[in-house]
Amino acid sequence: MRLSRKATLVMTPDPGSTGAGDDAADVVRPNSLGREGLRRIKRNPLAVVGGSVILFFILVALFAPLLAPFNPRDISWFDQIRPTRIPGPSTAHWFGLDAAGRDELSRIIYGARASLVIGVLSLLIGAFIGAMIGLLAGAFGGWVDSLVMRITDIMLSVPGLLLALSIAAVIGQSQTSIIVAVAVPNIPLFARLLRGSMLGERQKDYVASAESVGVRRRSLVMRHVFPNSLAPMLVQASLALSTAIIDASALSFLGLGSADPGVAEWGRMLTDTTRYLRVAPHLAIFPGVAIMITALGFNLFGEAVREALDPKLRR
Amino acid sequence: MLTVRDLKVHFPITKGVFFDRVVGAVRAVDGVDLTIPDGATLGLVGESGCGKSTVGKAILRLVPLTSGTVRFDDVELSALHGEALRTARRKVQMIFQDPYASLDPRQNVESILAEPIRTHALRKGAAIDTRVVELLDSVGLPRTAAGRYPHEFSGGQRQRIGIARALAAEPSLIIADEPVSALDVSIQAQVVNLLADLQEQLDLTYLFISHDLAIVRHIADDVAVMYLGGIVETTSAELLYTRPLHPYTLALLSAVPIPDPIVEDTRRRTVLEGDLPSPANPPSGCRFHTRCVYVRDRCVTERPELREVEPGHMAACHFAEEIAVSISPRPAVDQRP
């Protein structure tokens, strides 16, 4: 009798089935709204492209030790490096060597791991804390709402990268500092988003009807308002992933990542090459393209999620 | 018995960047008295924006009351807060206008119907499932509907789910806020008749809010006509439709089409000029004087009280007696099939 709760977590109301004339007929169109959203995503070519890129990226990150031809820290080919010549792509090293004589392809493959971990963790942390704050404001309203929203306004008034830089400067050079630095500017975005959509949902009749039935306030918010306010969060999260990956690369490009020079991270790899740009342009191209393709994949997929969940764009 | 006395609901209009400053109020409901005896149906009619829905919501305390009292049986709803209010609400339930907005899209029918039962601990364990099936039966929905979600149903079916939810709390009074106006005409009759059957079976009292005069005549025992936050006329359904005393009621009735081309072409019509004035800045004196065809000087300065013009017939017009004399008995308004 019950359908799975999970399957319906991303539903939005479907204005399509307004067939009031078929009242005598039993029950119409037994497809769930979540499945409808999934179907829309599958049908969208952008989503298929974006999804494939993301899947490829995740597989590369997961199976890096199997895929990489060499150890990314191995400097065995150091003797081939000259001030005026860093070997480019060859059959032995498809992406060439880097300035320290390491295999560039292996480093790109391992770099996917760092980007995935940093991107996903920072987004999850930012979205989670943001959602908690937004929930607080949306659930209580009144002065709690005003206070929380003024604080997020202050956070929003500081440019994201500047905020991230200051945070990284305080915490010091490490992978954790990048994660925190990327996560924090996300907090006010998610807080505002959830609060706004909760305020919108609260005005709807089904909330008034639950209230008139005598539902307690906590269950009113947690059972009715909150689950119905999550769709915009989901869209924002899938779009913010690409920004998180770019921001993380930017921060490590600026030298805020791990102090260990052996760590393979795309942004860091770009920094290392700036000095050799003329001698070895491949060292800038490969990590740059890797960042671009991954970010593009998440962006395309995020757009598709937004289109699938936006009732105004339903065809 | 529901008694509403001098109910006022004013929504503040605020201005200001940092601190809200109250600069005025929308007088959505401005001094309404209603009485509904047990088992009866009161129809509350009026055009959109006149505050009739707000009256319904105010009775359930879904909007804050500015002043006035709402008493149901021995409980003064308007004096309750918190847990006491939550428990007291069980006796008074509401059916909402828009069946597409009034059901949580993420809850299946079973959990929509079980919620009032659980929250008031009316049944326990397996008895809840039995009760859900019973409720579905009583509104004529198949038992298989329990596992489905609101979007899988048509408008009429959804409205019946809304009715079943209201019944789940085992109320004595049901406030039906335009329960059929969002539905197809062909479905309206089904739902209205279902409401009438349920009233008989369960001994319910109804406050039936609507702008559809024909449907109100069909279901209501008494009718109250509302204009700009106040009641302008109230009497039995029979008297109101045959012998209206307030100029506003006259105008409303003359807008109801009559399915007889000869009567329709020859009858005298009172056409209302202009729009409903803003309840934030209501006209002086009689609220209706800006649109009334019988307007005189007195109407501009003095607000008429709702008074008993004839036995069992209240109207808020200074000249109700003259109107009673000048208007011949009107042709009956048709009932919808």
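Biologist: Is B:Glu83 buried or exposed, or something in between?

Modeller: This is a predicted model, where local features need pLDDT of at least 70, side-chain atom pairs count only at pLDDT 80 or more, and totals for chains, interfaces and linings use all residues. Side-chain values use heavy atoms, without hydrogens and water. Buried means under 20% relative accessible area, exposed over 50%, and partly exposed in between, with a 1.4 Å probe on protein chains only. B:Glu83 has a relative accessible area of 45%, so B:Glu83 is partly exposed.

Biologist: Which residue forms a salt bridge with B:Glu83?

Modeller: A salt bridge is a side-chain nitrogen of Lys or Arg within 4 Å of a carboxyl oxygen of Asp or Glu. Here the closest N and O atoms are 4.0 Å apart, and the partner of B:Glu83 is A:Arg216.

Biologist: And which residue meets A:Arg223 in a salt bridge?

Modeller: The N to O distance there is 3.1 Å, and the partner is B:Glu115. This pair crosses between chains, with A:Arg223 in helix H9 of chain A and its partner in helix H3 (residues 109-119) of chain B; helices are DSSP runs (H or I, at least four residues), numbered from the N terminus.

Biologist: How many salt bridges does the whole structure have?

Modeller: One of them joins B:Arg296 and B:Glu322, at 2.6 Å. There is also a network linking B:Arg123, B:Arg131, B:Glu134 and B:Glu170. Over all chains, the search finds 27.

Note on methods:
Residues numbered from 1 in each chain as written. Chains lettered and ligands numbered in written order. Helix = DSSP H or I, 4+ residues; strand = E, 2+ residues; numbered from the N terminus.
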